[in-house]
Amino acid sequence: MNLPTLPDTLREQHSGKGWPLALVGSLLLLVSGLLSWSFDPSILGDISIAFWPASLQLFAMILGAVGVLLALMHRGPLHRLGDWFDTALGLRALGTGSLLFVVFSLVAIASEAGGLVNVNPGGWLALAGALLLTVGARFVPQRQLNSFAKAKANPVLEIVVIVLGMAAILFGAAYVLGRDDPWIFVGFLVMAAVAFMALARAGFFTWMSHVAQRHRHVLTLAAFVVAFLFPFTQDGSDANMSIATQVLIFAATAIGLNIVVGLAGLLDLGYIAFLGSGAYVGAMMSNAASATIGWKPPFIVVMLIGACVAATLGLIIGSPTLRVSGDYLAIVTLAFGEIFRLSMFNLDGNNGPDLTNGPNGIPGIPDLNLFGFDFGKPHTVFGIQLGRFSNYYFILLLLIGFIILVFTRLNNSRIGRGWVAIREDERAAEAMGVNTFGLKLLGFAVGAFLAGLAGTIKAHQDTAASPDQYIFLESAFLLAAVVLGGMGTVAGVLIGATILKLLPEKLRFFSEYRLLLFGLLLVIMMRVRPEGLIASKRRQLEFHEDDEELAQEVQADHLIDAAPEAAR
Amino acid sequence: MSHAVHESDLTRPASAPAMLEVKDLEVSYGKIKAVKGISFTVGQGEVVSLIGTNGAGKTTTLRTISGLLRPSAGSITFQGKRIDDVPAHEIVVLGIAHCPEGRRIFPQMTVEENLLLGAFTREDGEIGKDLQEAYELFPILQERSKQPAGTFSGGEQQMLAMGRAMMSRPKLLMLDEPSMGLSPLMMKRIMTTVRTLQDRGTTILLVEQNAQAALRLANKGYVLEVGKVVLQGTGRELLTSDDVRKAYLGED
């Protein structure tokens, strides 16, 4: 998103003109949202009425507001904040991005209403604003910045920022999930990406990461509260909640896989089989008409059995194969995934014991019923109706909380350190007394156990278990979520899982090109940001070994981490 | 061959009770025999040096003692217990620490994490105390305790590797070419530390190509050539031996 930078001499000559241009451009963007953008009221959620901004107009106003904020931080009433944030870089990113957004909007109007002739002055004003902002921002000089490490913290303010940020995420998620028009959906994503980039370039997220480190518990709590509140924004509609539960199952499984891939460094291409084995255990012990085992213990027991079966499978496949590594392990696990699927396909009584009903699977799995709480029925809480999927959403939220807890505890433990050592230099780790084989097997088993837990819930939520749900492609998607989001981090995998599950659901029109686009996305990611969207600092170092600055940064971050310990 | 130190007519150096005894050890990589029946002992509290050129089998010997390789014949006894089929991670528990060739620190882990990894097999409550001790031994490690170890210079990495090995509280410390690629000054520093560790009661098995430095420190030395012990004696004897001087010290 960066245009070639200007020669310094040119920037110095005109440094005084950049700021007013950028400010005016931002104000124009802000005002343009209040004007009519199109003659046609039937498109894009009606953007034809003045002083009644909708969809794209709102997005433009948000971008304009960010621009005004950054400009006023550079010079004006908020200039003291400009000592900390790189407003010039932020404005430049915002300018380029806004231009991109407005052009996208004009294309949207033209394509929906039939030609650019349908664009009203508001749209053109937005274009003018974005152009002014782009040009002006080029001339805004960079200021000398203070380091956040020296910032004096105001805890109340910081917590307010966390809460506001989380509220924005909740509101944004609820809003974007409610949009069915793909233009508006993509427009929102473009706007969010531009705002994110601008704030990131200004150093806002560096500050946020410092804040997050100081208030880790507040942040975690706020994230869970937001996730918990989400169903209440959906007004009893099951369509979005169904997607949300799928995202949660996918994310829970992906975090389990992240233990195996991200922490222990073992490439597993058949991980979906562990989710599948959990699901099949859940299905077989569910009292479904076609369930093959007549026994129906309490669900918590079923969960444990499912998880243990998955972990046992993990041990069985792991003990002979974990002596090989790298490519060989990937091939063996890939084969294991297929063996699982084919076994489920064939255990129908003709070729062995009748356990899975073969290709028909086990349909008609009844809804969960825990302590008299029927997951199949809608419930009303605080006057808001919560449907069937909301019920599953809550139990999955508990599960994912548990899985995240296991992940972080392991990551920060002696075992986690052993895994990192194995990943970095297996022979040296062995010489240090790390039981490499045992630890790798443990990683495999823990990952499988967690996937098995998720599987038992998934069986009830899907109301069926069949072999075709557990194809190789699913394993590949899980791995893609881990790689895309960032190996070894929780937040990254959550984002990766959300992207990979949500986009195909909302953008049905490109479903045929889904694989093509994901392939492209991964190729671009590997080129631009191989460490994933949210990288663990250690991973980042792995990919950018020569980056002295990064090494310094890692050290600085560790110092912040260590400071409270030293104080104790 | 000089008369004084030729293996056949050399009286075994007087030594402390053997802590480690290697007997007729043979190790092969597939069909290639890297170690062809060597025997030596390391006594309690001694510094023993194995010297020799590339391919003499020094590193292979150390890797076999620490359980990373399996011998094809012969025996290794540590404190009276056969350890040649004990897995590597249990050998560390028994009290042998291996500071491998090329240092092999974990580059993306911080200095402190590297040190803690050295104490991986320990579950007692004194790890923090030993961490402090490692920092006292090498103050630079404390200064940079939160820095990724990969950003270190060779000498600092060697210090870290030694500190890491000491974290397992070894009875026997095996150092594989600690002076490799270091400046003379840094080498001196490392060798002084070896002496310090010995004074503290650690038994040390030192593998070196830099024969002079290694022999000066050693109570006992063994000269290896293509998988066999060709000379042995006290450090002083070997230092003054004509054969050693010609072959390894570059003197005429």
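Student: How do helix 14 and helix 17 of chain A run, roughly parallel or roughly antiparallel to each other?
Tutor: Roughly antiparallel, because their angle is over 145 degrees; under 35 counts as roughly parallel, 65 to 115 as roughly perpendicular and the rest as oblique. This is a predicted model: local features need pLDDT of at least 70, side-chain atom pairs count only at pLDDT 80 or more, and totals for chains, interfaces and linings use all residues. Residues are numbered from 1 along each chain as its sequence is written, and chains are lettered from A, with ligands numbered from 1, in the order in which they are written.

Student: What's the angle, and how far apart are the axes?
Tutor: Helix 14 (residues 388–411) and helix 17 (residues 436–462) of chain A pack at about 175°, with axes 11 Å apart. Axes are lines fitted to C-alpha atoms over the stretch in contact, and angles run from 0 to 180 degrees between N-to-C directions. Helices (H or I, at least four residues) and strands (E, at least two) are DSSP runs, numbered from the N terminus.

Student: Which residues meet there?
Tutor: Among them, A:Tyr392, A:Ile395 and A:Leu396 on helix 14 of chain A, and A:Leu450 and A:Gln461 on helix 17 of chain A. Contact means C-beta atoms, placed from the backbone, within 7 Å.

Student: How many are nonpolar, polar or charged?
Tutor: Ten nonpolar, one polar, no charged. Ala, Val, Leu, Ile, Met, Phe, Trp, Tyr, Cys and Pro count as nonpolar; Asp, Glu, Lys and Arg as charged; the others, Gly among them, as polar.

Student: New topic. How many residues has the largest nonpolar core?
Tutor: It has 166 residues, and A:Ala251 and A:Ala481 have the most contacts inside it. Helix 10 (residues 238–263) of chain A gives the largest share, 15 residues. A core is a set of buried Ala, Val, Leu, Ile, Met, Phe, Trp, Tyr and Cys residues joined through C-beta atoms within 7 Å. Buried means 20 or more other C-beta atoms within 10 Å; exposed means 12 or fewer; partly exposed is in between.

Student: What does A:Ala251 touch?
Tutor: A:Ile400, A:Val493, A:Leu494 and A:Ala497, not counting residues up to four places away in sequence.

Student: And chain B: what order do the sheet strands take?
Tutor: Four strands form an open, antiparallel sheet in the order 2-1-4-5. Strands pair if DSSP finds at least two bridges between them.

Student: How many bridges join strand 1 to strand 2 of chain B?
Tutor: Nine. B:Val22 has B:Phe40 as its partner in strand 2 of chain B.

Student: What's in the turn of that hairpin?
Tutor: Two residues lie between the strands, and B:Gly30 in the turn has a positive phi of about 65°.

Methods. Contact = placed C-beta atoms within 7 Å.
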